[in-house]
Amino acid sequence: MSSSLDTSQGNGTLGKWTLLAMGVGCTIGAGVFSLVGQAIGITGHSLWLAFGLAIILGFFYNVPMLFASGSLIMDGGPYALISTILGKKYAGMYVVSFFLYFPTVAIYAISLGIYVHSVIPGLPVNVVAIIALTTFYIVNLFGMDTLSKFQNMMTAALVVGVATFILIGLGHIDFTLLSSVSNPDFLANGPKGLFQATCLLSFCTYCQYYLMFFSRHAKNPKKDIAFGMLGTTIVIVFVYLGVSVVASGVLPIEAVANQPLTYVAKKILASPIFVFFIICGPFMALATTINSVYAAYVQPLYSATQDGWFPESFAATNKKGSPWKILTICWASSMLPIVLGWDVSTIANTYLLTDLILGVFLVVSIAQIPKKYPGAWANREFGRKIPTWIFYVSVGLAGLVQCIIIYNSITSIKLYIVVITIIAFTTGVVYAIKKEKDHNVKSPMLDLSLETND
């Protein structure tokens, strides 16, 4: 059965609140609980400004995705959209190169290991990371229902934990440090440092679009995915800005630069509350992200296998409906950065480089929706009253965000990683061009009879 792209109702089980929990889980993770320390080291007390700019970049990138998810239902997420609009060859390039995402799952597990190690020094970071990756690999093997239940519980705990840190921390902040007017060292490394920190932090401000991967699992995709994406954006504004002002406004920069939030948390929280925060804050944030990212990464490869891009057996599912072979490859690949000893900043920039290069296919596809499917566009659930020209402006802004972050990623990571990424991407392109000629490879097609039946 080919993956599909249509404009009808979904048949899934995930409601809008579960999708919001999935969005929050995908987005809040390594960025706020590990990259914060890295970003402080780059830009100092102006962390909150860098986060604010990163949120704006992330929002600009996601606006076209909001329009797309409100117009079409995509079984296979962006892969189905690219395949339908640009054709099999480009969909093949996208989905074959999608394997490059798998190793970057390690960032969340390594970050979790750093936090556990900061509390229990006897536990090695890598051991904790491997245990975390394996645990949520197993959770995903139990199917979407079990996964979503875990996600809802962990996300609720996360919100409470982060709120505790922010509310108590506000009373300990020296606000004179957080303004360029009262603090001459506000921009620790000048505009360049602010730019680099903004690009690094964008890692955790634009992943709302991952909800598009759950189209076939949503009850009402055209409404609920947009709800989840917008809701996630609102949540991260409060979470990221709140955490950033506490993280950079309590202790001297030299005490918190390149360090996890435990240093600040120990300063502002009493021992019992500190333990509560560590469990409900960093642990839950990183756990929800590992859980939801595993689930998201499986979807396009599962659909692509059904379309013939990979051997049919690759999409084999267990009794719970989980494609266990794809999950197993993702789990094994996520061990590579741990073995190679990459730090979280390196993994984050590697991920950004991969995601935004592949995102070019997605943005170009979305730009063609109004002309390709005018009926679906006219009946979209998101932004129906917004003029189409504003949509095209949003596509242009998304492309600009891609260029900015890709440039920063290339200049921020080691040359051999850039070379390996280019080689892997080129291999995917060659494979896709050859495989496209295979008559067994299908391309999802929109049933135009459904286009106006909303």
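Let me start with helix 6, residues 106–119, and helix 16, residues 344–367, which pack with their axes 9 Å apart and at an angle of about 160°. Axes here are lines fitted to C-alpha atoms, for helices over the stretch in contact, and angles run from 0 to 180 degrees between N-to-C directions. Helix 6 is therefore roughly antiparallel to helix 16; the cut-offs are under 35 degrees for roughly parallel, over 145 for roughly antiparallel, 65 to 115 for roughly perpendicular, and oblique for the rest. The crossing of helix 6 with helix 16 is left-handed, meaning that the near helix is turned anticlockwise from the far one by less than a right angle, with clockwise giving a right-handed crossing.

On the helix 6 side, the contact is formed by Ala106, Ile107, Ile110, Ser111 and Ile114, and on the helix 16 side by Val344, Ile347 and Ala348. Contact means heavy atoms within 4.5 Å. By class, seven of these residues are nonpolar, one is polar and none is charged. Ala, Val, Leu, Ile, Met, Phe, Trp, Tyr, Cys and Pro count as nonpolar, Asp, Glu, Lys and Arg as charged, and the others, Gly among them, as polar.

A word on the source: this is a predicted model, in which local features need pLDDT of at least 70 and side-chain atom pairs count only at pLDDT 80 or more, while totals for chains, interfaces and linings use all residues. Residues are numbered from 1 along each chain as its sequence is written, and side-chain values use heavy atoms, with hydrogens and water left out. Helices are DSSP runs of H or I with at least four residues, numbered from the N terminus.

The second pair is helix 7 and helix 13. Their axes come within 9 Å and cross at roughly 50°, so helix 7 is oblique to helix 13. This crossing is right-handed. Helix 7 contributes Ala132, Leu133, Phe136, Tyr137, Val139 and Asn140, which meet Ala287, Ile290, Asn291, Tyr294 and Ala295 of helix 13. The contact of helix 7 with helix 13 comprises nine nonpolar residues, two polar and no charged.

Leaving aside residues up to four places away in sequence, asparagine 140 touches Leu147, Asn291, Tyr294, Ala295, Ser322 and Leu327.

Within helix 13, residues 271–306, we also find threonine 289. Threonine 289 counts as buried, because its relative accessibility is 0%. A polar atom of its side chain lies 2.8 Å from the backbone oxygen of isoleucine 28.

How many of the nine residues of helix 4 are buried? Eight of them are, so helix 4, residues 78–86, is largely enclosed by the rest of the structure. Glycine 87, which follows helix 4, has a positive phi, near 110°.

Asparagine 258 also has a positive phi, near 60°, in a residue other than glycine. Asparagine 258 sits in the loop between helix 11 and helix 12, and is partly exposed at 45% relative accessibility.

Finally, tyrosine 416 is part of helix 20, residues 415–435, and is partly exposed at 39% relative accessibility. Its side chain makes a polar contact of 2.9 Å with the side chain of tryptophan 342. A polar contact is a pair of N or O atoms within 3.5 Å; within protein, one must be able to donate a hydrogen and the other to accept it, and residues adjacent in sequence count only if both atoms are side-chain atoms.

Notes: Helix = DSSP H or I, 4+ residues; strand = E, 2+ residues; numbered from the N terminus. Buried < 20%, exposed > 50% of the residue type's maximum accessible area, 1.4 Å probe, protein only.
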